[in-house]
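This report walks through a few local features of one protein chain. Please keep the sequence and the 3D view open while reading.

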Amino acid sequence: MRGIGMQAQLSPYKLTLSVLAVLALCLAPATARGTPNGFADLVEDLAPAVVSISSSQNLGSSFGENEQLRRFEDKLNNPAVSLGSGFIIDSSGIVVTNNHVIEGADEIKVTMEDGTEYDADAIGIDQETDLAVLQIRNAPRLPAVEFGDSRKLRVGDWVLAIGGPFGLGGSVSAGIVSAQNRDIRSGLYDDYIQTDAAINRGNSGGPLFNTDGEVVGINTAIFSQTGGSVGVGFAVPSELAEGIVRQLREFGETMRGWLGVNLADLSPEEASDYGLEDNKGAMVMTVRSNSPALRGGMQSQDFVIRYDGKEIAEVRDLTRAVADTPVGKTVTIRVLREGRPVNLRVTIDRRETNFAALGSFELMQSDLPSGAAATSGMILQQPTMAIRDAFGLDSNVEGVVVTAVDPDSPAASVLRPGDVILELGYQPVENPDDLVERMEKLRNLNSGPLQIFVQRGDMMFYELIRP
């Protein structure tokens, strides 16, 4: 009763404020846009189609009696194990994951949510986007998920990452889309979704879901000083991944379009020097011999502004558009040539076929490019503009670029075209001749395998190579 009496003493003004405060509290959950009510039902439906993946590789036997290499004995005599995640896209047992999870594997195991384990085989890989497609052996009918349209995502949308971080098994993390179209300088086709949903080691290859339960991304990379999540993770968007997965399933390899040019973005100042109103487009720096671009009449210093009806704002737009073009299709390319618009008709060739020649050890060894050097089954070149463009390297990259590798050499097990050797035996590498000379000296000293420091995309790592 005392409380009621006190309430009767409230002024109409204070009473109005109290009522409004109560109404605000009651309405808050309904008006706070984007606040989730929980993801339990969604996770219950999706988790059975998310798998853990382990792959092992037999690294071989001991190096011998060299005392300095004793510490590598255990590593060499035991299989290396890679752990990651993946997801089933077809009930027949088709699994999508990252290439780096299963790269070089002699054995691949897929573990379901309930602990059931299956053997699997790789039916196609794509190093460019770090994607791989697996087939589970003798699979029963399995739960599967579907790709969604990543183009419909907006910054701020909720997303879920499901996978097996640190080999712990199924784990779920929720976050938002932090940014889109991120270029993290890992390759020619960088177009990542950035999310703050926790992604850690072992999440690689796992799905990023939207709130409709569709796969809108494949978790691939993180920025971290410690190896753990700091809220900056990257996923390959489904818009890019779905087409690649389709090709890998159908052909066992990708079928990207190829134009045959080296390109550069222009700064506003450079655009002004060329008499351009803005710097939207892609400047053709060089046109390769026997290329679709040359046959279609493209010239150095042409400025590409439209490709097959699509506006080109930067080099990445053109690179992606050409890659997505069906091999053999004839497209119209609009360029500015000395300030005047010119339309070109170009029939697109296949990138993989032509780049096989770029990375062919036999071809390059028979006609070694100027400034290149060969040693231990590798062709080595300086990171010139043409080399950087060909392999999608950063403009400030240093060291020596591996432009071809003999598939029968020991180097083939640790290096591939596009790798950059930064150090040999903890000493910086300045040019191809410098690296060859030092390797030959060490070879003559019978020093055994040599330690090199390698940059591959946004990764850096130490490896051992036999001279």
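How many cavities of 30 Å³ or more does a search of the whole structure find? The search finds one. The model is a predicted one, and the values below are computed from it.

## The cavity

Rolling a probe the size of a water molecule over the atoms shows where empty space is left. The largest cavity holds about 60 Å³ of space. Ten residues line this cavity, and those nearest its centre are T129, Y189, D190, Y192 and L240. By type, the lining consists of five nonpolar, two polar and three charged residues.

## Helix α6

One of the residues nearest the cavity centre, L240, is also among the buried residues of helix α6. This helix covers residues 238-251, which makes 14 residues. From its first C-alpha to its last, α6 reaches 19 Å, close to the 20 Å expected at 1.5 Å a residue.

Which residues of α6 are buried? They are S238, L240, A241, I244, V245 and L248. Because these residues cover an arc of only 150° around the axis, they lie on the same side of α6. After α6 comes G252, with a positive phi near 80°.

## An aromatic pair

A pair of aromatic rings is described by the distance of the centres and the angle of the planes. The structure holds three aromatic pairs. One of them is formed by F87 and F147, with ring centres 6.0 Å apart and planes at 85°, so this pair is edge-to-face. The cut-off used here is an angle over 60 degrees for edge-to-face.

Where in the chain do F87 and F147 lie? F87 is in strand β2 (residues 80-90), while F147 is in the loop between β6 (131-136) and β7 (158-163). The two are 60 residues apart, and the pair links distant parts of the chain. Both F87 and F147 are buried.

## Two residues with positive phi

Most residues other than glycine have a negative phi, and most peptide bonds are trans. N138 is not a glycine, yet its phi is positive, about 50°. N138 sits in the loop between β6 and β7, the loop that also contains F147. Is N138 buried or exposed? N138 counts as exposed because its relative accessibility is 77%, and the cut-off for exposed is over 50%.

E338 is another residue other than glycine with a positive phi, here near 55°. E338 is located in the loop between β18 (330-337) and β19 (340-347). With a relative accessibility of 72%, E338 counts as exposed.

## Two further positions

A271 belongs to helix α7, which spans residues 268-273. The relative accessible area of A271 is 1%, so A271 is buried; the cut-off for buried is under 20%. A271 and M283 are twelve residues apart in sequence, and their C-alpha atoms are 9.6 Å apart in space.

T384 is found in the loop between β22 (378-381) and α12 (385-391).

Key:
Residues are numbered from 1 along each chain as its sequence is written. This is a predicted model: local features need pLDDT of at least 70, side-chain atom pairs count only at pLDDT 80 or more; totals for chains, interfaces and linings use all residues. Side-chain values use heavy atoms; hydrogens and water are left out. Helices (H or I, at least four residues) and strands (E, at least two) are DSSP runs, numbered from the N terminus. The expected span of a helix is 1.5 Å times one less than its number of residues. Buried means under 20% relative accessible area, exposed over 50%, partly exposed in between (1.4 Å probe, protein chains only). The arc is that of the directions from the helix axis to the C-beta atoms. Rings of Phe, Tyr and Trp (its six-membered ring) pair if their centres lie within 6.5 Å; planes under 30 degrees apart count as stacked, over 60 as edge-to-face and the rest as tilted. On a 1 Å grid over the protein atoms alone, a cavity is a set of points where a 1.4 Å probe fits but cannot get out, and a pocket is an open set with protein on both sides within 12 Å along at least five of seven lines; lining residues have an atom within 4 Å of a point. Grid points are joined across faces, edges and corners, and a volume is the space filled by probe spheres set on the points. Ala, Val, Leu, Ile, Met, Phe, Trp, Tyr, Cys and Pro count as nonpolar, Asp, Glu, Lys and Arg as charged, and the others, Gly among them, as polar.
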